[in-house]
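Dear colleague,

Please find below the structure that I am handing over to you. My notes on what was found in it follow directly after.

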Amino acid sequence: MSAAPSVRTGAVVPVLASAGITVALMQTLVIPLVPELPRLLHASAAGTAWAITATLLAAAVATPIMGRLGDMYGKRRMLLISVGMLVLGSVVAALSSSLVPMIAGRALQGLAAGVIPLGISIMRDELPAEKVGTAVAQMSASLGVGGALGLPAAALLAENFNWHTLFWVSAGLGVIVFGLVLRFVPESSVRSGGRFDLLGGLGLSTGLISLLLAISQGSSWGWTGGRTLGLFALAVVALLAWGWWERRTAEPLVDLRTTARPQVLLTNLASMVFGFAMFAMSLVLPQLLQMPKATGFGLGQSMLASGLVMGPSGLVMLVAAPFSAKISSTRGPKVTLMLGALVVAAGYGVGSVLMSSVWELVLVSLLIGAGIGLAYGAMPALIMSAVPVSETAAANSFNTLMRSIGTSVSSAVAGVILANLTISLGGYTLPSQSGFRVVLLIGAGAALTALVVASFIPARRAAEQTTAPAPAVAERSVEDRVGLADS
């Protein structure tokens, strides 16, 4: 009887990390299909772009909501529901042959985005204190690992099998992960209880969907067009109204008092800027690798070869995770985050100079991957050391959301730059080398900005980071205690 808990504890980390990698794979799954989707789905290019946009919007809505529900009703339960959405969405997409079912399937897949912050929170609740740092770093890095490894895997399947196979494989992986979570991951006894803030959920969802839709579609609709400006205005109004409501309700979706603490606020800001920085690699390096050699700077590689170049960066992220935990335990996660940002900035700096051969881009991706692995492990450590145990999942989910907003803004900014700095080749307009170099330098600048923001995070002793990860209830304000009492 006593052996069961130890077996489960030993399996928790690999099972949760596998769940994180599987969800991250979903985000890059459709990339090899993007040029072919209009033909495959009998739709316009503008229409098929929603296969990516739908996932982005669904993930933005699901991440904070699933985190809060996890704190209230059980993190493992919400984790299983999230993985179930991934399986259901994969099956719907695999059975689709037209645009609407594909968009529906991709939106369902996006609802699984809460898996990583939920997994991090389960680790905090269930693992011995001395194992939490390394485990959390590995789980956090799984987002980058899955994205990096997913590209070559998806390209290999897309080039050799029917395109529906991509989604059947995704569904199969989801079923395996569901079974492993059901068998090995215990339900946490740490719950906040209370009632779900439905109005807060609707307000935040409205604000996020409006903001991200404007960002993702602004280049095609026109940045000064009525729809784009209207959505930006709606986002501002909705988010301001949401913030007003969250400050006044007894059981908010996001505790803005906790979020306003300097350590949490600055970590979230650094995460958003860092998310902006890290996504530039995914936008620039594959295009450089696949550009025709006739451009004078393109390397003329296939999608599969491009994915294989990017793949090792995911492995480096995994290798960097235990080093991230080690540095955080001795010097504090603030130092780890700053070091990660510095390494990413160095990687982009090198990339702006070295971009003329495959090995140079492999080097660049490895450097950036190492920096991401260091930084991703530090972010949840900083968040968890400043929030109550009962709010772990919601706080981690909000941090993940901030990173996602950063990557969305990065995609829009890079798209504008590459659309305006172009060359003409064989009657086609292509991004120029100077355009790619500008995006890389902006990525370096964003990483350095994240470093500066992180430098203002209040320093805490390493012992405090590990032994006292959350303020006691007695230390909270009167208003916070009232909210806890109601729950």
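I begin with a charged group and a ring: Arg403 lies over the face of Tyr376, 4.4 Å from the ring centre. A charge is taken to sit over a ring if NZ of Lys or CZ of Arg is within 6 Å of the ring centre and within 35 degrees of the ring normal. A further case is Arg183, whose charged end sits over the ring of Phe184 at 4.9 Å from its centre.

Please note that this is a predicted model, in which local features need pLDDT of at least 70 and side-chain atom pairs count only at pLDDT 80 or more, while totals for chains, interfaces and linings use all residues. Residues are numbered from 1 along each chain as its sequence is written, and side-chain values use heavy atoms, with hydrogens and water left out.

Aromatic pairs

Three aromatic pairs were found in a search of the whole structure. Rings of Phe, Tyr and Trp (its six-membered ring) pair if their centres lie within 6.5 Å; planes under 30 degrees apart count as stacked, over 60 as edge-to-face and the rest as tilted. Trp163 and Phe167 make an edge-to-face pair, with 6.3 Å centre to centre and 90 degrees between the planes.

Helices (H or I, at least four residues) and strands (E, at least two) are DSSP runs, numbered from the N terminus. Phe274 and Tyr376 are both buried.

Nonpolar cores

A nonpolar core is a set of buried Ala, Val, Leu, Ile, Met, Phe, Trp, Tyr and Cys residues joined through side-chain atoms within 4.5 Å. The largest has 58 residues, of which Phe274, Leu285, Leu337, Tyr348 and Ile372 touch the most other members. Elements giving two or more residues to this core include helix H8 (129-160), H13, helix H14 (303-331) and H16. H13 provides the largest share, 14 residues. Leaving aside neighbours within four places in sequence, Leu285 is in contact (heavy atoms within 4.5 Å) with Met310, Leu361, Val364, Ser365 and Leu440. Another core, of 35 residues, lies apart from the largest one, and Val12, Val15, Met66 and Val132 are among its members.

Overall fold

The secondary structure of the protein comes to 20 helices and two strands. Its radius of gyration, taken over C-alpha atoms, is 22 Å, close to the 23 Å that the globule rule (2.2 Å times the number of residues to the power 0.38) gives for 487 residues, so the protein is as compact as a globular protein of that length. Along its principal axes the C-alpha trace spans about 70 × 50 × 45 Å. Buried residues make up 54% of the 487 residues.

Two individual residues

His42 is found in the loop between helix H2 (37-41) and helix H3 (45-48). His42 is exposed, at a relative accessible area of 67%, and has a phi near 55 degrees, a positive value in a residue other than glycine. Ala153, in helix H8, is partly exposed at 37% relative accessibility. Between Ala153 and Leu25 there are 9.0 Å in space, C-alpha to C-alpha, and 128 residues in sequence.

With kind regards

Note on methods:
Buried < 20%, exposed > 50% of the residue type's maximum accessible area, 1.4 Å probe, protein only.
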